[in-house]
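Thank you all for making the time this morning. I would like to take you through one model, and I will keep to what can be computed from its atoms.

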Amino acid sequence: MLRFVGRRLWSGGLTLVALVTLTFFVMRLAPGGPFSRNRKISPEVQANIQAAFHLDEPVWMQFGRFVWGVLRFDLGPSTRHRDYSVNDLIASGLPYSLTIGFWAVVVATLVGVALGIAGALRRNGVTDYVAGIVGVIGIAIPIFVIGPVMQVIFGLRLEWLPIGGWDGTWRSLVLPVIVLALPNIAYISRLTRTSMIETLRENYVRTAKAKGIGWRRVLWRHTLTGALLPVIAYLGPATAAIITGSILIETVFAVPGIGRHFVDAALNRDYPLVMGITLLYGGLLILFNIGTDVVRALLDPRIRNER
Amino acid sequence: MIGKASRVARWLAGAAMALALAAGPGMADAVLDRGIGSEWSSLDPQVNFDAAAGWILMDAYEGLVTYGPGGGVQPGQAESWDVSEDGKTYTFHLREGLKWSNGDPVTAQEFVDSVYRTLDPATVSEKGYYFYSVVKIKGAEAIANGEAKDASGLGVTAPDDRTVVIEMETPAPHLLNIMGAFQIPPLHGPSYAANGAAGFVDPAKVVTNGPYTITEVVPQSHVLLTKNPNYWDAANVKIEQVKYHVTEDVATEFKRFQAGEIDITYDVPVNQLEALKASMPDALKVTPSTETTFYSFNLTKPELQDINVRTALSLAINRELLQDKIVKGGAIPAYSFAGGFDPSYDGPMMPGFELSQPDREAKAKELMAAAGFGPDNPLKVSIVTTVAEDRIRLAQGVALMWKQVLGVQASVEPMERKAWLDAFYAGTWDVFADNLVGDFAGAETFLAYMRPSADAGYHWVKPEYDAQMDVAATMPDAASRNVELAKAEKILLDDVIFAPLAKEPLRRLVSPKVKGYVPSVTDYINSQFLTLEP
Amino acid sequence: MSVDVAPQRGTSTFQLQFRRFRQNRLAMASVVVLVLIVLLCFLGPYAFPFTGEDADFDFISTPAEFTWPHLFGTDDFGRDLLVRVLEGGQVSLTIGFLGALVAGVIGVLYGAVAGYTGGRTDDLMMRLVEILYGFPYVILVILLSLLFGGGNVALFAAIVFTLWLTPAVIVRAQAQSLAQREFVQAARAGGMTSPAIVLQHIVPNCMSTVIVYGSLLVPEVILSESFLSFLGIGIKEPQASWGNLIQTGTSAMDTDLRLLLLPGVLLATVLLCLNFIADGLRDAFDPNDR
């Protein structure tokens, strides 16, 4: 196992390098640059601004500068947010996104798996349909509809929760977490249900049942671990995506996380910030993928043989 | 039976209400909460370039002059000023006993330092053009281009601690409009020397000279300002604290306004406008701004080189219908380019203004036919616009009108902002959904922008225009200047290089608790002139 | 304990499965509803004397009075809402189903090959997936729109480009456990080639997961189109799509609910139908159920 993890970390590192390099060069192909904003500046001043951010140097030199910076944990200044470096921006926004994301993953997994199991056990019964519909609401109603609706109900009408912003208490978390969890509940519950139905029918489960083991133990021991494999695989990339924040959630609920940077930095052609975000997201993604692979290997002895 | 049920129901309702009240957030009433839309660009006074940062800085710092309720020029740090005969030299006299928030005295030299720092290439500021383009201060351009390495040649000097002298190459009556805190706050020497630019963002280190100081900064969330006791007019500053919130989503901001979390919003959801006019007529403020929207024609495209075609396209647009029924954002239909911002400017209107809209459309059809276009030979144009909802609706509306009146096949191509800017200079457009925000509420800032020498992207060749603008630039007083500018605008409008469409509005919701709110075209609403009633 | 079943006399496996599907009443009802909606979208607009792009400035924002010809009223350009929703359905359903299908097929094949083959190949394939995941999506979209112009091809490419990644990851996980199963090892021992094993054993056993996941992809594709229009790609106005109709409807939610309800309800219905159909397919084609 240790060798497995070690090898994956090594290849993960290489992947990250490839991702970052690819992003660095390819993103410059998009039209416009960070300072093609104001049409009133004179060419000399424009040239000066470009030079101050080293954008007039050949691309490979800028890349070298970037790499040198990364090695010293310095991701450079942001071109759009003039007061802050990329490090500052990520450091200030990440805690918010992480908190909301973490709880959203927890809620989505718990609720999704529960709904999926309920549906699988009472197949084609009322519970299944109800669980199915509840589970699927998250996809049928888009975030930009559900968010504002909940704001109106819980924020304006009932006044239980703040509409947006961050007042430091758990109250600001509730709505963003729920709304962020909803689409993932849909996916997780459907995957769990299908997988459970299949696993419940598999031969080794039939064998266990035939041996007379109580169905509860059968459920928990034998089926759940097998059934959850696809869900765990799904959680790899999904967790990385959720944890790094969703721009929709952060816009609707006015949360100062890093989710918005994923879109704004690219739209503003804020090259250093795009690189910082890519580094962060890529790193998390790779780590979570390694993690889910390890978990699956632990749960399913059959995979372990391969490794 | 019924009695029991209703008792239970009432009990439940009471419990729910008690729960709601207990759980509801209590708002601090001494804080004015203002929405600023997108995050401020920077809190560095010599670098920030957007309106959001502008409000924060105008509350925290004060320039030589300030802008009172309604946006009019008032004495700020300078209590009076003299203008020379030829209009090129202004002498500002600072008040006595001016102090920074940490007790240090404000000196005239600090204003000089501020202008120099804005122009210095090392600061990488985009605001320098105020000092060599909007007005022409001596020596300013040389510093910005890197030709001059120090402030010795700069036309901003401090002969003594309480006098600031500004010398310009050409007279500029609008100089006072750019002497506020947004453009020229003083630069506090000791703290800048000690902390550099990082000091501006750090509440522990920042030193300000305006009605408020910065006490809390949370990126992408808010900035909190607290009253500055060392401000010369602190006695008249009524509101203790001002909190500026980043409000990216206009629908969320509206809900926060309804919940009482925000007192002055940045914008209003456009589709609510009609409903709000009825339900919140006092809170809703839809007022003109210094932004004008116009559709530019690509003069390198052969079909559009015929002035008849351009005139037809301009006349076929029903500007009132466009704003009232289609865009519905509160914009004011415009038939000129630079008029309507400054009451003392009496500018010309576009050709065809004097006709009624049905007559304009008839004339448009004639012109189009004369140019050789018709149902069997329709003109095809692309309209390039940004992806903002109201801009797209505007483009769709115009496209529809061109189709219905002239049979033109117009395609709307929304692009994200950078691509849109890029497309402009690449010339890959037939009609460009253009807009311009003036630097101050006067005709000159708009007309100067249209100089062929100013922006080559329009491909407009008209030496008469440049010559006339040069004539206007030599006029020392506002009245004669405006007369010459009007002549220039006539040259511009008669060439129909664009179709003026509208003057964009400012849309705000202002809570009834806020008193003293007077809308201004330049959108300067200093918190020091407002009061908050509980 | 083999799972492969010899076909019964007279009927093929496929016919058996199909019959089982037909017996699932909920799934059949969903098929009927779905087909009705599709027909409505593609044929419905012909019943009206105008198209979804004909603006009538005299009838702006009329409410839904269920009177002919504007059954559900007009939008704020004076265009008939029902026709716009139907025409929007044509585009959205096409892109939705096509997109989900293409992404599903690519994802399944990619994941099955990676999971079954294992070792270096699997490593390489998954690393490529991670790179595509990590690359900034907005920049990708901008570049694709540059490459294909801002039209529907670019939209399709932008959607599918990253959509196949998660199905691939999920299928790969399943393929990994399947690869160790006795029947697969038996097939290998029996001399079956790898491609044949992948196609005949691995893929069918992953099908239910893929079908269920794919049914969720269709609405996701339709809705992601509205996010993409924000980036300058997407269905160009005045052409309607459920994505942009729902988007406009949401911003008008407080004043005019029907602008959101009509396309929204249709989309939700399609989703529910797909749900039940997917379940039915899963039940019918489950190899373990034979």
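This is a predicted model: local features need pLDDT of at least 70, side-chain atom pairs count only at pLDDT 80 or more; totals for chains, interfaces and linings use all residues.

As for who takes part, chain A brings 48 residues to the contact, while chain B brings 53 residues.

Turning to the polar side of this interface, the rule finds 12 residue pairs in polar contact across chain A and chain B, counting pairs in which both residues are at pLDDT 80 or more. The count of salt bridges between chain A and chain B is two, and I can show you a salt bridge in which the side chains of A:R269 and B:E416 meet, with an N to O distance of 2.8 Å. If we ask which elements of chain A give two or more residues to the side that touches chain B, they are α2 (43–52), α4 (86–121), α6 (143–157), α11 (247–252) and α12 (259–267). Of that side of chain A, the largest share comes from α2(A), which supplies five residues.

Now to chain C, where C:V35, C:L39, C:F42, C:L43 and C:Y46 make a nonpolar surface patch of about 540 Å². One of these residues, C:L39, lies in helix α2 of chain C, which covers residues 25–43.

How values were computed:
Residues are numbered from 1 along each chain as its sequence is written. Chains are lettered from A and ligands numbered from 1 in the order in which they are written. Side-chain values use heavy atoms; hydrogens and water are left out. Patches are made of residues with over 30% relative accessible area and no salt bridge: like charges are joined within 9 Å, nonpolar side chains (Val, Leu, Ile, Met, Phe, Trp, Tyr) within 5 Å. Accessible areas come from the Shrake-Rupley method with a 1.4 Å probe; for residues, only the protein chains shown count as cover. A salt bridge is a side-chain nitrogen of Lys or Arg within 4 Å of a carboxyl oxygen of Asp or Glu. Helices (H or I, at least four residues) and strands (E, at least two) are DSSP runs, numbered from the N terminus. Contact means heavy atoms within 4.5 Å. A polar contact is a pair of N or O atoms within 3.5 Å; within protein, one must be able to donate a hydrogen and the other to accept it, and residues adjacent in sequence count only if both atoms are side-chain atoms.
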